[in-house]
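This briefing walks through selected side-chain and helix contacts, grouped by topic. Please keep the sequence and the model in view while reading.

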Amino acid sequence: MVSSVGDVFSKRLPSLIRVAQRRAQEVPEVHSVKQGPLLVSALLSFTNLDRVDEPLRFSRQKLAGILGVTTRTVDRRLVELEQAGLAERVTPRRKVGGRWPVCRLRWSASALLAFWPDGLPLPRITPPD
């Protein structure tokens with residue numbers, strides 16, 4: 001469970017996420033976004049390695065807490081991330097109580113290539129019992 005800056009850079013995260021976080025630090029577009037390195041690292045920590053090319057889901061409030069900003073600032077940072085060509089937001093299916101319950105974001109093809117230049121992680125298949 002990622003809920004703080006310490007969790008974002010925890011050694012408990014999968015090695016493929018930690019490697020992608022290090023590679024993201026070398027991508028110039030990441031640095032064009034305010035708080036870009038922390039933002040991208042946090043979003044990578046939310047990434048499901050079994051479905052890297054599918055949208056990741058996260059709470060704006062949780063991301064705001066990690067970044068130490070408001071949810072409105074999170075929205076602005078996500079727009080900057082989109083404008084940098086690293087990701088695109090995916091519209092949720094419906095509102096709950098007049099609000100969007102979670103954010104959904106999909107990494108762009110160029111971001112995936114920068115984070116995992118040797119190819120996307122393959123889904124782990126569990127053998128049947």
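## Salt bridges, helix packing and aromatic pairs

Aspartate 7 and arginine 12 join their side chains in a salt bridge, at 3.9 Å from N to O, where a salt bridge is a side-chain nitrogen of Lys or Arg within 4 Å of a carboxyl oxygen of Asp or Glu. This is a predicted model, in which local features need pLDDT of at least 70 and side-chain atom pairs count only at pLDDT 80 or more, while totals for chains, interfaces and linings use all residues. Residues are numbered from 1 along each chain as its sequence is written, and side-chain values use heavy atoms, with hydrogens and water left out.

**Salt bridges**

- The structure holds six salt bridges.
- Aspartate 7 is buried at a relative accessible area of 16%, whereas arginine 12 is exposed at 70% (buried means under 20% relative accessible area, exposed over 50%, and partly exposed in between, with a 1.4 Å probe and protein chains only).
- Arginine 51 and glutamate 54 also form a salt bridge, at 3.9 Å from N to O; arginine 51 is partly exposed at 45%, and glutamate 54 is partly exposed at 39%.
- Aspartate 75 and arginine 60 form a salt bridge at 2.9 Å from N to O; aspartate 75 lies in helix α6 and arginine 60 in helix α5, so the pair ties together parts that are 15 residues apart in sequence.
- Both aspartate 75 and arginine 60 are buried, and a network of salt bridges links Arg60, Asp75, Glu82 and Arg89.

**Helices**

- Helix α5 (residues 60-67) packs against helix α6 (residues 71-83) at an angle of about 90°, with the axes 9 Å apart (helices are DSSP runs of H or I, at least four residues, numbered from the N terminus).
- In this packing, Arg60, Gln61, Leu63, Ala64 and Leu67 of α5 meet Thr71, Arg72, Val74 and Asp75 of α6, contact meaning heavy atoms within 4.5 Å.
- Helix α4 (residues 36-45) is mostly covered, with eight of its 10 residues buried, among them Leu39, Val40 and Leu43.

**Aromatic pairs**

- The rings of tryptophan 107 and phenylalanine 115 have centres 5.2 Å apart and planes at 90°, so the pair is edge-to-face (rings of Phe, Tyr and Trp, the last by its six-membered ring, pair if their centres lie within 6.5 Å; planes under 30 degrees apart count as stacked, over 60 as edge-to-face and the rest as tilted).
- Phenylalanine 115 also pairs edge-to-face with tryptophan 116, at 6.2 Å centre to centre and 85° between the planes, and both residues are buried.

Note on methods: Axes are lines fitted to C-alpha atoms, for helices over the stretch in contact, and angles run from 0 to 180 degrees between N-to-C directions. Helices (H or I, at least four residues) and strands (E, at least two) are DSSP runs, numbered from the N terminus.
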